[in-house]
Amino acid sequence: MRISRIGLKLAAAFMILFIILLMTLGMAIDQLFSHFYYAQMKEDSQELASHFVSMAKNKEATSTTMIQNFAEFSSVKIVWVTENGQVISRSDKSKGQHPFINQKDLNHMFSGQSIDFIYKDTSGHRYYVLGKPVVKNQKSQSALYIVSSMNKIDDSIRTVRKLLLLSALGAFLVALGMTFIMSKVLSHPLLKMQKVTDRMAKGDWNARLNIRQKDEMGMLGQSINNLAQSLQRYRDTRQEFFANISHELRTPITYLEGYSQVLTDNLVENESEKKKYLTIIHQEAIRLQKLVDDLFELSKMEEGKTELTIERLDMKDIILNTLSKVKLKAEQKKINLKTEIHQDIPFILGDSYRMEQILLNLLENAIKYTDQGEIIVQLVSENSSLVLSVSDTGQGIPEEELPYIFDRFYRIEKSRSRDYGGTGLGLSIVKKLVDLQGGSIHVESKLDVGTTFTLTFPQHEELESLESSS
Amino acid sequence: MKIRHFLVASLLIGMGLTCMTYSANSFERETIMTFGKTFFQIGMMVICPVVLLICLYLMFYYKNK
Ligand SMILES: Nc1ncnc2c1ncn2[C@@H]1O[C@H](COP(=O)(O)OP(=O)(O)OP(=O)(O)O)[C@@H](O)[C@H]1O
Ligand SMILES: [Mg+2]
């Protein structure tokens, strides 16, 4: 049997508590019993004594024998003494001394009070001794000692004590059994968690806890499951990430390899062909460069190491700035660039460089995937947040691919990207940057009609209050 | 929780109950009948609260669901 330490601790704590309770209770019951017996005996003796005293008062001569008989009958000893301690009469036949008689008690009794005490003889027997004066004509004439053995009571108390101990043992065993079950039940989920986390630590991320409790234990189990799940997802995406990277790197490298081989082996027929190959090599080198840059950017962002310089942004400036950068490309493809900027645009907090990066990526995509038509950049304010949209009249994105376009390396039709030379990292960087600055991105697209990317940035609370106060 | 654990626990509880019954019965005439009767009574005293607790637990459990 596997002993769970937490169960053991719990059980020990319970048992200690229980033993303390049991001991105090036992003490109380024991005291109760002895006091009860003692009080009972005192009362009986008192009653008996008053009988004897009234007998002694009546007829001096006959009462002696009567008292003796009566004493024998009620199994007590009677000693009748005078003021100076002389024994007038006694119920037992033995001629032994009466060491419990002393002058102090006698003085007490002859001043009219009764006394009682417990006397222990040399062999260890206990007696209850009650002394009472015999009062006649308002004067104490003699005194009676009534001595009753406490043997019986002591025996009874001893038996009761034994039985109490026995039932305490019984209660202890019952409690032990129940605590055993309880500690097992309480520590069971903990042990289960320990086993499962052990398996997880050894790399089995598919291990899951099955705990249906709703208390802290259940919550802990849920957290462990969540942790395992996110670690599993992390591992999977990392594997996928590396696979993607190596794949992405391999393609331009094979191009570089092949064309440079052709050139070194002098397999070109004329100058123009040579130039064409050189251009391809150059383009692939640029592509590689971009890929590495993007990857670096993305990995920095995923580790949360990008530092943003948050400031008050004027989106109008940023849009105009970015548009001037892509103007040339658009003109080359004969695409119209239009802007629709509303008045009263709220200021937002953000990083201007990153914002430009976002916009640039979206515009580059729009230009890249549009063959004819126009691109509209719209900036409006809606429910006190800023809405920026970039729409084009390009080839669009198939609906079933929409959920994935923000994934790393995701491109629609590998052949399409071959023509355009994308890496599939642009939109995932955009998404990360938008998230970092507290915004959200949304895409709508129809195949062969066009695509609209909509960015929403909430106005910052501080700026809002600043504006409303001014 | 295995059967074995339940066996150990019930053995302990049984022993405890027997001890208590014995001491409760010591001033009685000792026959199997009186012993059984007291044993049953004491056992009930143990089982009733346990059953009550389980009932309460189940009640709360289903209420939350
Ligand atoms: N405006 C758009 N119109 C049509 N398709 C688009 C548009 N923007 C993005 N896409 C599709 O989404 C995919 C992912 O875009 P993303 O910007 O991430 O990669 P990329 O443009 O191929 O490469 P990179 O931007 O890294 O050079 C693209 O392959 C493209 O097919
Ligand atoms: Mg792109």
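Helices (H or I, at least four residues) and strands (E, at least two) are DSSP runs, numbered from the N terminus. The model is predicted: local features need pLDDT of at least 70, side-chain atom pairs count only at pLDDT 80 or more, and totals for chains, interfaces and linings use all residues. Residues are numbered from 1 along each chain as its sequence is written, chains are lettered from A and ligands numbered from 1 in the order in which they are written, and side-chain values use heavy atoms, with hydrogens and water left out.

**Stop 1: ligand 1**

Select ligand 1 and its shell. A residue is near a molecule or strand if one of its heavy atoms lies within 4 Å of it. By that cut-off, 22 residues surround ligand 1. The closest are N365(A), Y369(A), D392(A), T423(A) and L427(A).

Colour the shell by class. Ala, Val, Leu, Ile, Met, Phe, Trp, Tyr, Cys and Pro count as nonpolar, Asp, Glu, Lys and Arg as charged, and the others, Gly among them, as polar. The shell has nine nonpolar, seven polar and six charged residues.

Which elements of chain A supply at least two residues each of the shell around ligand 1? They are helix 6 (271–302), helix 8 (352–368), helix 10 (426–436) and strand 12 (450–458). Helix 8 gives the largest share, three residues.

Now show polar contacts (pairs of N or O atoms within 3.5 Å; within protein, one must be able to donate a hydrogen and the other to accept it, and residues adjacent in sequence count only if both atoms are side-chain atoms).

- N365(A): a polar side-chain atom lies 2.8 Å from an oxygen atom of ligand 1.
- G426(A): a polar backbone atom is 3.1 Å from an oxygen atom of ligand 1.
- K290(A): a side-chain N or O atom is 3.2 Å from an oxygen atom of ligand 1.

Taken alone, ligand 1 exposes 590 Å², and the protein buries 99% of that. Accessible areas come from the Shrake-Rupley method with a 1.4 Å probe; for residues, only the protein chains shown count as cover.

**Stop 2**

Two strands pair if DSSP finds at least two bridges between them. Five strands of chain A form an open sheet here, in the order 7-9-10-12-11, with mixed pairing. Strand 7 (336–341) and strand 11 (440–446) stand at the edges with a single partner each, so one side of each is left without a neighbour in the sheet. The twist averages 15° from one strand to the next. Axes are lines fitted to C-alpha atoms, for helices over the stretch in contact, and angles run from 0 to 180 degrees between N-to-C directions.

Contact means heavy atoms within 4.5 Å. Next, pick helix 8. Helix 8 lies across strands 9, 10 and 12, running at about 25° to strand 10.

Zoom in on T452(A) in strand 12. E444(A) stands opposite T452(A). S391(A) also stands opposite T452(A). Strand 12 pairs antiparallel with strand 10 over eight bridges. Seven bridges join strand 12 to strand 11, again antiparallel. Strands 11 and 12 form a hairpin with three residues between them, where D448(A) has a positive phi of about 65°.

**Stop 3: the antiparallel sheet**

Move to the sheet in the order 2-1-5-4-3 of chain A: five strands, open, antiparallel. Strand 2 (87–90) and strand 3 (115–120) stand at the edges, each with a single partner strand, so one side of each lacks a neighbour in the sheet. Neighbouring strands are turned by 25° against each other on average, direction ignored.

Select helix 3 (residues 103–110). Helix 3 packs on this sheet, touching strand 1, strand 3, strand 4 (126–136) and strand 5 of chain A.

Finish at the hairpin of strands 3 and 4. Five residues lie between the two strands, and G124(A) in the turn has a positive phi of about 95°. K120(A) has R126(A) in strand 4 as its bridge partner.
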